[in-house]
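User: Can you walk me through this model? I'll ask as we go.

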Amino acid sequence: MRFQASEAMKRLPTQFFSTLVGKVNHVIAQGHDVINLGQGNPDQPTPPHIVKALQVAAENPLHHKYPPFQGRQELKEAVAAWYEKERGVRVDPGDEVAILFGGKAGLVEISNIFLNPGDVCLVPDPGYPDYWSGVAMAGGKMEMMPLSAEKGFLPDFSRIERETARQAKLMFLNYPNNPTGAVASSAFIEEAVEYCLANDILLVHDYAYGAIGFDGQTPASFLSHPDMKQAGIEIYTLSKTYNMAGWRVGFAIGNDEVIHQINLYQDHYFVSLFGAVQMAAVEALSASQQCVHELVNLYEARRNALYRSLHRIGWQAKPTKGSFFAWLPVPEGFSSASFADVLLQEAHVVVAPGIGFGECGEGFVRAGLLVDEHRLEEAAARIHRMHIFK
Ligand SMILES: Cc1ncc(COP(=O)(O)O)c(C=O)c1O
């Protein structure tokens, strides 16, 4: 018997980076010492007080039962309290917070909830490829918003054609940005919120790296703009802030109608997260945020070490202001894919080719600050020995 997947499944984009993983594994299997800067997986463990909270909660039989359908009220209250204390933003935990199985699930769900086949969604290019997955499943049409170095990797709304803006139902933005490491100014946030309100576009701000800003700057939440709750939602996650990528805890915060639709959709798919994980998430958000400050300092020290070493070998690049990525221009004579290949084969250093994030990612590679300073310096030293940079 042959099984035919649905048309929606057939529309899913191919996972560009799975080919890269195959190549990396091949080089590792040959016995080489590979420095992997290609992925976005936090390398540090979850802080012990959060792990402890999970252990304690896992002993409680209450959490062995089904959790409440839309998640635990304590967790929504902890999210609201975190936003107020850390970002000065007030949200109603009852109507303006939804609990997600990680940010990724929410980002894909949102297209399924709001797009009909043929509807237009504005997507940053380069950008996080999971935005494409949801749009593809829903049968929506992506219109790319190019992010260029000259514009600080912020989209230029004046370049979006009037007809495209009229047709668009949804827009994804992401600051601090993956892959470029750019952050958004409050002037840009205002422009984005006003543009979406004027054009009736649901704005989804992906705030996955919201805790990771350098040089003393805390990246602003889009909810700090008073009209953001009318324009849309922000999606936040514990994955990066507390090294909890494996725990799968995320939130949608903002417009109550959008939150209601997310909850409705999820009622048909899931019975919220394991209650003990939710209690550990409460601990993460409510306890001292000292661990977050220490983590940001660690990434900043790594960023400084990487750029210092790259500048020393003649690879000129502007240090990123947030996220845990470096976005580096590819030298002449290479595409982003051929340069990533040559770095892997000759230096055994893995970077992610920019083209994997969209056409406008061509000309760059992304390096994660997810190994220690010594390994970052070692990566630069190996690249130096290739005599590509003078
Ligand atoms: C830009 C961006 N958004 C969202 C996510 C999803 O994070 P999670 O699903 O772990 O919450 C990631 C993860 O790498 C990301 O880079």
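User: At what angle do α2 and α14 pack?
Analyst: Helix α2 (residues 16-29) and helix α14 (residues 336-347) pack at about 10°, and their axes are 10 Å apart. That makes α2 roughly parallel to α14; angles under 35 degrees count as roughly parallel, over 145 as roughly antiparallel, 65 to 115 as roughly perpendicular and the rest as oblique. This is a predicted model: local features need pLDDT of at least 70, side-chain atom pairs count only at pLDDT 80 or more, and totals for chains, interfaces and linings use all residues. Residues are numbered from 1 along each chain as its sequence is written, and side-chain values use heavy atoms, with hydrogens and water left out.

User: How are the axes and helices set?
Analyst: Axes are lines fitted to C-alpha atoms, for helices over the stretch in contact, and angles run from 0 to 180 degrees between N-to-C directions. Helices (H or I, at least four residues) and strands (E, at least two) are DSSP runs, numbered from the N terminus.

User: Is the α2 and α14 crossing left-handed or right-handed?
Analyst: The α2 and α14 crossing is right-handed. A crossing is right-handed if the near helix is turned clockwise from the far one by less than a right angle, and left-handed if anticlockwise.

User: Which residues make that contact?
Analyst: From α2, K23, V24 and V27; from α14, D341, L344 and Q345. Contact means heavy atoms within 4.5 Å. By class, this contact of α2 with α14 has 3 nonpolar, 1 polar and 2 charged residues. Ala, Val, Leu, Ile, Met, Phe, Trp, Tyr, Cys and Pro count as nonpolar, Asp, Glu, Lys and Arg as charged, and the others, Gly among them, as polar.

User: What about α5 and α6, how far apart are their axes?
Analyst: The axes of α5 (residues 102-114) and α6 (residues 130-138) are 7 Å apart, at an angle of about 30°. That makes α5 roughly parallel to α6. Their crossing is right-handed.

User: Who touches whom there?
Analyst: K104, L107, V108, S111 and N112 of α5 meet D130, Y131, S133, G134, V135, M137 and A138 of α6. The contact of α5 with α6 has 6 nonpolar, 4 polar and 2 charged residues.

User: And at what angle do α3 and α12 cross?
Analyst: Roughly 145°, with the axes of α3 (residues 48-58) and α12 (residues 275-286) coming within 8 Å. The α3 and α12 crossing is right-handed. H49, I50, A53, L54, A57 and A58 in α3 meet A276, V277, M279, A280, E283 and A284 in α12. The contact of α3 with α12 divides into 10 nonpolar, 1 polar and 1 charged.

User: Switching to the ligand. Which residues come nearest?
Analyst: Of the 14 residues around the ligand, G103, D206, T237, S239 and R248 come nearest. A residue is near if one of its heavy atoms lies within 4 Å.

User: Where are P126 and P176?
Analyst: P126 is in the loop between β3 (120-125) and α6. The D125 to P126 peptide bond is cis, with omega near 5°. P176 sits in the loop between β5 (168-174) and α8 (186-198). The bond from Y175 to P176 is cis, omega near -10°.

User: What phi does S323 have?
Analyst: S323 has a positive phi of about 70°, although it is not a glycine. S323 is in the loop between α13 (290-312) and β9 (325-329).
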